[in-house]
Amino acid sequence: MASKLLLSQLRNITRPTHHRLINPNFIFPLKNQTLIHSRPYSDAPQPPPVGSKPPPTNADSAPTHKKISSSLNQAELAKFSAIAETWWDAEGPFKPLHVMNPTRLAFIRSTLCRHFGKDPYSAKPFEGLKFVDVGCGGGILSEPLARMGATVTGIDAVEKNINIAQLHADLDPGTSSIEYLCTTAEKLVEEQRKFDAVLALEVIEHVAEPAEFCKSLSALTVSGGANVISTINRSMRAYATAIVVAEYLLHWLPKGTHEWSSFLTPEELVLILQRASISVQEMAGFVYNPLTGKWSLSDDISVNFIAYGTKNTE
Amino acid sequence: MNRAIVRRITPSIRTWRSTLKTFCSDTSEKLHGSHGDKAVTVKSSSLDSTDNVPQYDVAIVGGGMVGMALACSLASMPLTKHLNVAIIDSNPALLARDSIKKEDAPDPRVSTVTPATISFFKGMGAWQYVQLHRHAFFDRMQVWDYTGLAYTRYSARDVGKAVLGCVVENKVLQRSLLSCMEDSDVKKKIYPSRLNSMTLHKSSLISGTDSISSKPSGSLAKLNLSNGDCLYAKLVVGADGSKSHVRNLAGISTTGWKYPQNAIICTVEHTEDSRCAWQRFLRTGPIALLPMGDNYSNIVWTMDPQQAADRRSMNETDFLKAVNDALDDGHGPHPQSERMGGGGILAWLRSDETSSASEPFEVPPRITKLASDRMVFPLSLMHANNYVSKRVVLIGDAAHTVHPLAGQGVNLGFGDANSLSKVIAEGVAVGSDIGEMTLLKRYESERKAANIAMMAILDGFQKAYSIDFGPLNVLRAAAFHGVNYISPLKKNIISYASGEQRLPIFT
């Protein structure tokens with residue numbers, strides 16, 4: 001949908017022979033490991049390069065539960081833990097997510113119906129497919145997916161969220177079959193679970209290691225499966241809208257929900273997904289019309305955007 | 001229309017009430033304990049009777065024309081035809097299988113359906129059933145008043161259409177919708193009783209405590225019926241008329257006032273058929289003559305309550321004479337036919353003149369016989385302040401009632417049903433809970449603006465014509481002239497009244 005030209009430009013960049021700096025927002029493709037850590041506009045402390053961490057695949061046969069996976073960020077978990085009860089309060093701190101939900105579900109429905117070859121006019125198009133909602137929170141995305149027929153597993157690292165999600169899902173017989181687990185994507189990979197579609201909406205800006213996170217998402221996807229990731233662009237406009245206006249002026253979100261330095265640009269997201277053997281097929285943006293109070297899909301990916309990609313067949 | 005039947009059933013319902021109240025509450029108490037632990041996941045299809053109480057997706061309270069139109073519309077769309085629908089109405093005609101015969105005397109309760117409603121019906125596949133019974137299209141309309149100063153003629157050709165509307169008996173519409181639903185394979189059940197009470201389980205998600213009821217039906221609406229049945233529903237639709245019980249139970253307040261007028265309706269026979277609808281504004285209120293086909297016509301005559309009672313009880317010959325006077329030249333002279341256009345001032349608009357502007361004044365056909373009983377209904381304006389509440393939505397007369405002077409009342413209701421079924425389809429498409437307020441509010445914002453605009457205009461007309469004052473009469477005559485000869489205005493009025501245009505201006 002959006003930015004086909006942009007996507008082809010990105011694909012050009014990933015070829016190692018192109019070393020021109022196209023514009024400051026594009027990441028200069030240096031070495032693999034330092035790619036994500038060059039953040040020219042950020043004054044946040046640089047996280048240590050990936051190479052210095054112990055390699056995730058080691059000879060341990062039984063990883064203990066206490067080992068914290070690389071993509072968790074404790075400060076972020078604490079933020080969400082504090083407001084866990086308000087997930088399903090449509091007027092509370094999660095109101096923007098509730099209002100945006102139908103729009104992103106429309107994108108998910110149309111791209112995944114096309115991907116799996118399902119009838120878009122059917123009421124339950126995802127019947128028989130296994131989905132995982134990574135970072136499901138209170139289950140705002142998992143429940144509609146279950147109503148659309150999918151077998152949904154929702155995972156979140158915050159235990160409170162899983163409890164709330166389970167309680168709410170039990171209220172409707174159509175959603176009480178959702179499997180909620182308090183775990184991480186990495187742990188699921190260790191359990192060797194595979195899903196037809198892996199969705200991680202509004203999560204990747206809260207993880208410590210986006211590249212590793214994407215690798216885990218890819219490992220959870222069956223070959224030829226689908227991935228949907230949504231996040232906020234690291235642009236000036238996103239700083240003005242998603243942080244200044246949404247957090248400080250309109251008080252839609254609690255202050256400090258988002259860190260501008262941990263946003264990803266669409267180019268970066270495409271690149272790290274490419275490294276994780278996921279090719280992004282479509283990207284769309286969400287725009288908010290303040291007069292009607294409605295969100296809609298558009299080609300404008302400068303603030304919120306959502307990407308649909310397919311796992312490369314091995 | 002179901003009032004007579006309802007009045008007969010109510011005394012017997014009161015004796016049931018004492019027995020019903022323990023039925024449902026016992027079952028729910030008993031099962032609360034077994035569902036206490038949160039780890040229970042119940043895989044159940046929508047019509048599974050967990051708790052032995054059936055669960056439905058949509059419960060439509062009121063099986064009249066608008067309620068059935070909603071059910072039929074849901075049945076005709078691929079996204080919603082899997083929904084379980086329960087229709088709650090104590091009218092025995094819904095379950096009776098006897099068909100309407102051609103020889104039946106025409107029922108005085110008729111509705112004029114606009115072209116927008118006709119296309120709604122055609123879209124659902126219900127219009128083919130209407131065509132099997134008596135129905136009459138009309139493509140011309142003449143409006144004038146008792147002063148004899150002016151008249152307006154409308155024609156469907158002015159906007160390039162074939163018809164202005166169709167007059168159909170209410171029971172034909174209802175039966176056609178029911179047949180259309182029965183022919184589709186939608187899962188529905190008709191409950192032949194009345195709604196007694198409704199509870200919405202409130203659930204507060206306070207983590208860590210066990211005060212939450214985690215039954216699978218914890219947040220659904222529970223309806224208790226007068227015959228003791230219970231059912232759960234995700235969405236309760238109030239389509240039960242102007243004295244809506246659902247609206248009262250949901251605590252939705254209304255705004256409105258009674259008109260100091262009652263309407264007499266009856267069916268009459270006349271000498272020749274015409275494809276024209278006639279309306280004359282008299283001092284006490286308008287009289288309308290609507291063609292029904294087979295030389296029958298329906299009369300809707302609005303007047304003050306005392307006169308209505310008199311005219312209802314007077315004998316047939318006197319009544320027919322009064323009707324003929326009202327339509328012909330009693331109460332005031334005929335308007336002059338303006339053959340040369342509206343005079344010098346409006347001559348510059350003549351190039352774009354609609355064909356009906358040059359038609360002469362026609363006298364309505366002479367009424368020869370009374371073909372049905374005379375019924376009297378009080379008239380009022382009513383508008384619900386909210387159309388939606390948690391898991392409850394109002395459509396049709398339950399949400400708004402208007403004066404019958406433009407034949408718009410049930411068409412507004414059909415517009416509601418159309419809009420609500422589309423909103424429900426959009427909700428199902430993105431997997432949302434169809435009883436959720438944000439989804440229902442979309443229906444409300446769409447219909448409230450349109451309904452309020454129409455109601456304001458109709459109320460304006462009613463007030464304008466209830467005053468007999470010289471200068472105001474002349475002003476009204478000027479308005480008649482203006483509408484007749486200013487073609488853009490006439491075309492706008494016709495398309496607005498036909499339902500093709502949602503708001504009177506800006507569209």
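Strand β14 (residues 286-293) of chain B is largely enclosed by the rest of the structure, because 8 of its 8 residues are buried. Buried here means under 20% relative accessible area. The model is predicted.

β14(B) pairs with strand β13 (residues 276-281) of chain B and with strand β15 (residues 296-303) of chain B. The table sets out the two pairings.

| Strand pair | Sense | Bridges |
|---|---|---|
| β13(B) and β14(B) | antiparallel | 4 bridges |
| β14(B) and β15(B) | antiparallel | 6 bridges |

On the side of β15(B), B:G293 stands opposite B:Y296. β14(B) and β15(B) also form a hairpin, with 2 residues between the strands, and B:D294 in its turn has a positive phi of about 60 degrees.

Chain B also contains a pair of helices in contact. Two packed helices are described by the angle between their axes and the distance between the axes. The axes of helix α2 (residues 65-76) of chain B and helix α9 (residues 409-429) of chain B come within 9 Å and cross at roughly 30 degrees. Angles under 35 degrees count as roughly parallel, so α2(B) is roughly parallel to α9(B). Their crossing is right-handed.

Residues of α2(B) in the contact include B:M65, B:V66 and B:L70, and those of α9(B) include B:F414, B:L420 and B:I424. Sorted by class, the contact has 10 nonpolar, 3 polar and no charged residues.

How values were computed:
Residues are numbered from 1 along each chain as its sequence is written. Chains are lettered from A and ligands numbered from 1 in the order in which they are written. This is a predicted model: local features need pLDDT of at least 70, side-chain atom pairs count only at pLDDT 80 or more; totals for chains, interfaces and linings use all residues. Side-chain values use heavy atoms; hydrogens and water are left out. Buried means under 20% relative accessible area, exposed over 50%, partly exposed in between (1.4 Å probe, protein chains only). Two strands pair if DSSP finds at least two bridges between them. Axes are lines fitted to C-alpha atoms, for helices over the stretch in contact, and angles run from 0 to 180 degrees between N-to-C directions. Angles under 35 degrees count as roughly parallel, over 145 as roughly antiparallel, 65 to 115 as roughly perpendicular and the rest as oblique. A crossing is left-handed if the near helix is turned anticlockwise from the far one by less than a right angle, and right-handed if clockwise. Contact means heavy atoms within 4.5 Å. Ala, Val, Leu, Ile, Met, Phe, Trp, Tyr, Cys and Pro count as nonpolar, Asp, Glu, Lys and Arg as charged, and the others, Gly among them, as polar.
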